[in-house]
Amino acid sequence: MKRYSAFAIAKEAFRQHTGWDRAWRSPEPKKKYDVIIVGAGGHGLATAYFLGKNFGITNVAVIEKGWLGGGNTGRNTTIIRSNYLQDPSAAIYEKARSLYETMSQDLNYNVMFSPRGVLMLAQTEHEVRGYKRTAHANSLQGVTTEWVGPQKVKEICPIMNIDGPRYPVLGGLWQARGGTARHDAVAWGYARACSDMGMDVIQQCEVTGVTTSGGKVTGVNTTKGDIACDKLGMVVAGHASVLASMAGFQLPIESVPLQALVSEPIKPCMDIVVMANTVHGYMSQSDKGEMVIGGGTDGHNAYTQRGSFHHIEETVRALVETFPMIANLKMLRQWGGIVDVTGDRSPILSKTPVEGIFVNCGWGTGGFKAIPGSGWAMAELMAKGHSPLTEEFNMFRFREGKFIDESVAAGVAH
Amino acid sequence: MLILHCPNCGRDVDETDLHSGGEAHLKRFGPGSSDQEFEDYLFMRENPKGVHFERWHHSFGCGKWFLAARCTNTLEVFGTYSAQTLEPPKEILDRITAARPGWSWGALK
């Protein structure tokens with residue numbers, strides 16, 4: 001792999017930029033791998049990356065039915081934060097946030113991590129109590145957040161109307177080290193690093209079946225032929241249930257569309273990320289100047305990557321009160337992704353009823369922020385059979401009632 | 001916008017007047033059941049990419065529940081029917097089999 005650097009750019013400038021290699025190979029699948037990861041989104045690629053980096057397992061294929069990072073990795077609103085209420089959540093999300101800080105250097109790929117600060121607005125008395133509790137929990141967990149009053153909110157984000165009338169801003173939970181990153185670059189950076197370690201990233205290769213023998217996984221059937229493996233990682237978000245049913249087990253997951261939209265680009269007006277969970281809206285400004293807006297999920301199951309139009313209307317209508325200046329903006333694009341939601345709104349990183357199959361799903365509406373931490377933990381789980389970061393997130397917790405209940409900390413927006 | 005026919009009040013209803021109640025035809029379990037049965041009932045879901053039987057509540061209308069058969073992949077609606085049934089009526093099953101050859105109710109359950 002040719003390292004990217006200022007020197008390399010200068011050198012290439014002298015020869016019309018003809019010397020750049022492709023960032024990753026596009027190989028045909030081999031007959032067998034030690035590990036197959038299904039899903040070349042952020043979580044799948046990060047899992048493969050840490051299998052190689054932390055455990056030296058490099059006979060790995062990452063297979064993807066569409067294109068690299070073309071699912072939820074390329075569809076989210078790129079928010080990174082770790083201000084969760086429960087200890088297991090704070091541990092894995094804070095691990096992820098800290099790995100984001102050095103990701104560009106680690107991968108030699110600019111993921112444009114921007115720790116601009118994330119503010120979660122409290123617009124009801126219930127939220128005030130909830131976020132103060134979260135701030136206290138965070139200080140015990142070693143996650144730096146603070147409760148700020150309405151005047152401080154106005155100071156941090158002057159375009160906000162804090163006076164209501166329907167949903168006045170009563171304060172907020174401020175995480176100064178949260179922020180955003182370039183979502184495509186996260187997938188591309190990991191893919192490049194995986195390819196460089198000798199792993200095969202195979203696109204347009206859809207899994208059509210999972211083969212098992214004596215309760216143990218033996219491989220997968222794909223549109224590019226059968227591939228054998230010793231261990232299989234299912235990291236496919238919205239399609240987790242579909243893949244699990246191929247292996248003969250069910251997951252406590254429902255798949256629903258989540259939408260986002262962006263406005264026309266405008267001059268810089270907001271240098272933080274704001275989440276307003278009462279009204280189900282969150283917003284940041286991209287480097288191009290577009291206002292990036294996300295909302296709540298659709299109410300019913302679907303796999304359409306489209307979503308119902310009235311949810312966008314609800315989101316925008318609610319945000320206009322708090323951000324009056326966006327009322328005159330034109331919206332450029334709208335899109336949807338299929339998110340996998342669990343009963344307690346926390347993810348599943350787990351062994352499964354089939355030996356050798358591991359599942360990483362259920363990140364629901366908030367998976368992007370967790371990518372490096374999820375990959376780190378999932379790789380440890382797959383390599384060693386257990387990981388301190390994934391223990392509480394096993395898929396059998398629902399049977400025992402050991403929920404990781406994040407509804408107070410996360411609400412709908414994640 | 002999704003439009004469903006409410007069999008209780010006979011109206012064609014916009015999605016905004018409805019509330020989704022998740023998977024239909026779940027078998028309920030009460031005191032004395034095993035952990036596994038409770039888990040299946042409360043959390044495990046078919047979540048199919050295809051034909052889905054689901055509960056709907058006509059919240060901003062007649063206020064009653066009904067069931068619907070809908071494809072989660074194409075958003076095609078195969079029909080709605082009374083919630084007071086243990087399995088979908090034959091006409092709806094026939095309509096689904098006609099549209100999805102090879103599909104069967106038994107294979108799902």
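This is a predicted model: local features need pLDDT of at least 70, side-chain atom pairs count only at pLDDT 80 or more; totals for chains, interfaces and linings use all residues.
I started with two helices of chain A: Gly42(A), Leu45(A), Ala46(A), Ala48(A), Tyr49(A) and Gly52(A) in H2(A) meet Val186(A), Ala187(A), Tyr190(A), Ala191(A), Ala193(A) and Cys194(A) in H7(A). Contact here means that the C-beta atoms of two residues, placed from the backbone, lie within 7 Å.

Residues are numbered from 1 along each chain as its sequence is written, and chains are lettered from A and ligands numbered from 1 in the order in which they are written.

Next I looked up the whole of chain A, which has twelve helices and 18 strands. Helices (H or I, at least four residues) and strands (E, at least two) are DSSP runs, numbered from the N terminus. Of the 414 residues in chain A, 54% are buried. Buried means 20 or more other C-beta atoms within 10 Å of the residue's own, exposed means 12 or fewer, and partly exposed is in between, with C-beta atoms placed from the backbone.

Then I picked strand S18 (residues 357-361) of chain A. Is S18(A) enclosed or open? Five of its five residues are buried, so S18(A) is largely enclosed by the rest of the structure. I checked both faces: Ile357(A), Val359(A) and Cys361(A) lie on one side, with Phe358(A) and Asn360(A) on the other.

I also wanted its partners; two strands pair if DSSP finds at least two bridges between them. S11 (residues 225-234) of chain A runs parallel to S18(A), joined by three bridges, and Leu232(A) is the bridge partner of Ile357(A). S17 (residues 348-351) of chain A pairs with S18(A) in the antiparallel sense over four bridges, and Ser350(A) has Val359(A) as its bridge partner. S17(A) and S18(A) make a hairpin with five residues between them, and Gly356(A) in the turn has a positive phi of about 90 degrees.

Last, I looked at chain B: 19 residues of chain A are in contact with 20 residues of chain B. S12(A) gives the most to chain A's side, three residues.
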